[in-house]
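Here is a short briefing on the backbone and overall build of one protein. Please read it alongside the sequence and the model.

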Amino acid sequence: MTVPPSALTDAYDRLTEACPGLTVTELGAGEQAPRGGGWVTAASLAEGGAGLEAFLAWDDSQILRDHGRRGRPDVIASFGLHRYAWPACLLITAPWFLRRRVPRFPVTHVSYDRTAGPMAFAVRPGTFACLPGDPAAVLPGARVVPDEEALRAEVRDAIAEHMEPVLAGFGPRMRRRGRALWGMVTDEIVEGLWYVAQRLGRSEQERAERELELLLPGTTKPYIGTAAFRELTGPGGESLATRDRASCCLYYTLEPQDTCVTCPRTCDADRVVKLLAEAAS
């Protein structure tokens, strides 16, 4: 096997193939992070000041445009956190799932723009964990860990390292604290990777479900609960995969009759109807 030019490039390319609405640019040594337009740094979101205020103004406008009324301040902040955390977690989980490499991205190493088309990240790669025998182990910043469980611990630690300061910025605006916030992060980890894996084929979806159950067994703080996958049966005997979210995104406050398919408020009968409609489309 040849040594790749970057430990992450292949995984991010495949991520974009599966999810064209998300791109990741790796910054080279000495290359400046993008500025202006809709670009925001993760560090500015963590600070909770003007940068976060400008970021949430986009969600405020989107809610008004799509629903014809303004959302509560905590709903706006919850939407904003979801729209950041869902793709941000993929910066770590996609290389782990696709290439068994786990990068570290402190908030100072990540910039994000969701305003000009596809969601776009610019990241400054640093260290990453990998398994013995990985050809990328000779690259700068590589750190070899002994086995799969150690690599899963790296995933959990890397996401917590990035998201903890981001939660500190969003939390006061959301009327949620520790457990509820980490419940949201748990859901973003699971549903982001699950979504991508579904677009890579049935076998990858099933593998992602197994991997996520091992990643989040329910005993790994600060995360809340398990991956929580389960199967429902359709009227024709169809097997329909679903999961139970650990948190609520508060979408019901805008559209009470249109809850998410994995929402704790959605009963199984309604889930079956929604899942069959998704499959038909």
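P222 sits in the loop between helix 7 (202-215) and strand 8 (229-233), and the peptide bond that joins K221 to P222 is cis, with omega about 10°. Helices (H or I, at least four residues) and strands (E, at least two) are DSSP runs numbered from the N terminus. This is a predicted model, in which local features need pLDDT of at least 70, side-chain atom pairs count only at pLDDT 80 or more, and totals for chains, interfaces and linings use all residues. Residues are numbered from 1 along each chain as its sequence is written, and side-chain values use heavy atoms, with hydrogens and water left out.

**Backbone**
- A228 lies in the loop between helix 7 and strand 8, and its phi is near 65°, a positive value in a residue other than glycine.
- R100, in the loop between helix 4 (73-99) and strand 3 (101-103), has a positive phi near 60°.
- R100 counts as buried because its relative accessibility is 16%, where buried means under 20% relative accessible area, exposed over 50% and partly exposed in between (1.4 Å probe, protein chains only).
- Most residues other than glycine have a negative phi, and most peptide bonds are trans.

**Overall build**
- The protein has eight helices and nine strands.
- The C-alpha atoms fill a box of roughly 55 × 50 × 35 Å along the principal axes.
- Of the 281 residues in the protein, 51% are buried.
- Among contacts (heavy atoms within 4.5 Å) between residues at least 6 apart in sequence, 64% join residues at least 24 apart.
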